[in-house]
Amino acid sequence: MIRRLAALAAVIVLAACTNSPAATPTATTASTTTPAARTSQPPSSQPGSTNPPLDTGPDRLMLEPFAAGLESPIGITGAADGSGRLYVNEQVGRVRIVDKDGSLRPQPFLNISDRIVSGGERGLLGLAFHPDFARNHLFYVDYTAAGDGHTVVAQYRAAPDGLTADAASERILLTVDQPYANHNGGQLAFGPDGYLYIGLGDGGSGGDPHGNGQNTNALLGKILRIDVDGNSGDRPYSIPDNPFLRGGGGAPEVWAYGLRNPWRFSFDRETGDLYIADVGQGSWEEIDRQPSDSKGGENYGWNVMEGRHCYSDKNCDQRPYVMPIAEYGHDEGCSVTGGYVYRGTRQPDLVGVYVFADYCSGTVFTLQVDEGTTSPKAVAQTDLTISSFGQDDRGEIYAVDQAGGGVYHVTLGG
Ligand SMILES: [Ca+2]
């Protein structure tokens with residue numbers, strides 16, 4: 001506890017020095033296990049000295065150290081069970097528990113590293129808890145299988161106390177062939193409709209050589225939607241009323257398509273809108289939004305388009321595609337990490353703001369999502385490798401630093 005208070009104090013000191021232009025990012029070594037204080041200085045390209053319009057959200061966010069000692073964390077989530085615990089997936093194949101006081105439990109919640117190939121864009125990529133987890137103890141993971149490198153989505157069952165889960169309880173729901181090692185997607189999230197949404201990249205290599213993004217019969221380059229509480233025919237799940245369920249034209253699991261590598265998507269827990277961060281090829285990173293009343297079937301454009309720009313055909317007809325609500329170029333980063341719309345209670349001035357980051361530059365951005373198409377606003381420059389954001393049960397947002405092994409609480413500071 002003393003160490004944690006010291007770290008927080010260091011953050012506050014740095015925050016008081018944010019007029020200094022010398023606070024540039026430094027390399028974070030993989031051996032770092034104690035979170036160092038992170039700067040909260042907006043990048044120098046931001047007009048921090050002028051008064052912004054009132055409705056553009058906070059000018060500055062802080063990432064306050066919350067937990068440390070994780071190995072290559074790439075996801076974090078609460079279990080919506082009232083425990084206040086955070087569950088962090090480590091890339092190698094472990095799920096660890098961070099208690100609500102920020103302490104990391106030494107015993108993993110789950111260890112399935114024996115069946116996973118990890119490294120690069122592969123590993124234990126996704127984790128989601130059943131909406132009724134408190135009663136049925138079921139949760140779901142997305143991982144890259146050892147041996148063939150394919151994507152597996154599987155169900156596990158936790159002990160009633162929520163502290164451990166038996167690796168032998170695995171029930172595989174879905175296996176998807178991966179032609180290349182990269183672009184595996186991996187996000188899992190339950191929507192407000194109670195169905196499980198699954199993000200899959202285009203299969204990898206570069207430029208989508210197999211054309212998966214626009215092929216509605218392929219599961220790659222998609223967001224899928226399945227009902228884990230049912231089963232139909234030879235499937236260990238059932239298909240909700242998805243866009244291609246009736247009338248054909250695509251695989252029944254497909255919910256949305258035209259995606260390159262959706263690295264994190266999330267539902268706004270108040271509005272039900274879906275926010276998708278789709279990693280770009282070489283020039284543009286994008287955020288897409290799907291309204292809560294969508295019936296699915298949106299085509300987000302890849303590989304005809306990258307962001308709002310024609311990609312495979314320089315004179316493309318943009319009309320069939322849903323444009324992103326925001327994009328940024330590779331002058332500001334190289335790989336988007338999608339985040340969450342803040343709906344917590346501890347930071348009223350952050351309510352309704354979508355927080356996300358760039359994995360490469362360490363820049364944290366916000367979007368004022370009620371403005372429609374908008375521009376990302378850089379609100380913190382960190383030296384973290386932000387691989388994922390997540391929410392606890394109360395709607396507080398956390399980030400994980402893959403290189404340093406830390407968990408950070410996103411706050412307004414002060
Ligand atoms: Ca797109």
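Visitor: In which loop does Arg122 lie?

Guide: Helices (H or I, at least four residues) and strands (E, at least two) are DSSP runs, numbered from the N terminus. This is a predicted model, in which local features need pLDDT of at least 70 and side-chain atom pairs count only at pLDDT 80 or more, while totals for chains, interfaces and linings use all residues. Residues are numbered from 1 along each chain as its sequence is written. On that numbering, Arg122 lies in the loop between strand S5 (110–111) and strand S6 (124–129).

Visitor: Is Arg122 buried or exposed?

Guide: A residue is buried if 20 or more other C-beta atoms, placed from the backbone, lie within 10 Å of its own, exposed if 12 or fewer, and partly exposed in between. Because Arg122 has 21 C-beta neighbours inside 10 Å, Arg122 counts as buried.

Visitor: How far apart in space are Arg122 and Tyr143, C-alpha to C-alpha?

Guide: In sequence, Arg122 and Tyr143 are 21 residues apart. In space, their C-alpha to C-alpha distance is 7.3 Å.

Visitor: Why is strand S20 largely enclosed by the rest of the structure?

Guide: Strand S20 covers residues 336–341. It is largely enclosed because, of its six residues, the number buried is six.

Visitor: Which residue in S21 is the bridge partner of Val336?

Guide: Two strands pair if DSSP finds at least two bridges between them. Four bridges join S20 to strand S21 (residues 353–358), and the two run antiparallel. In S21, the bridge partner of Val336 is Asp358.
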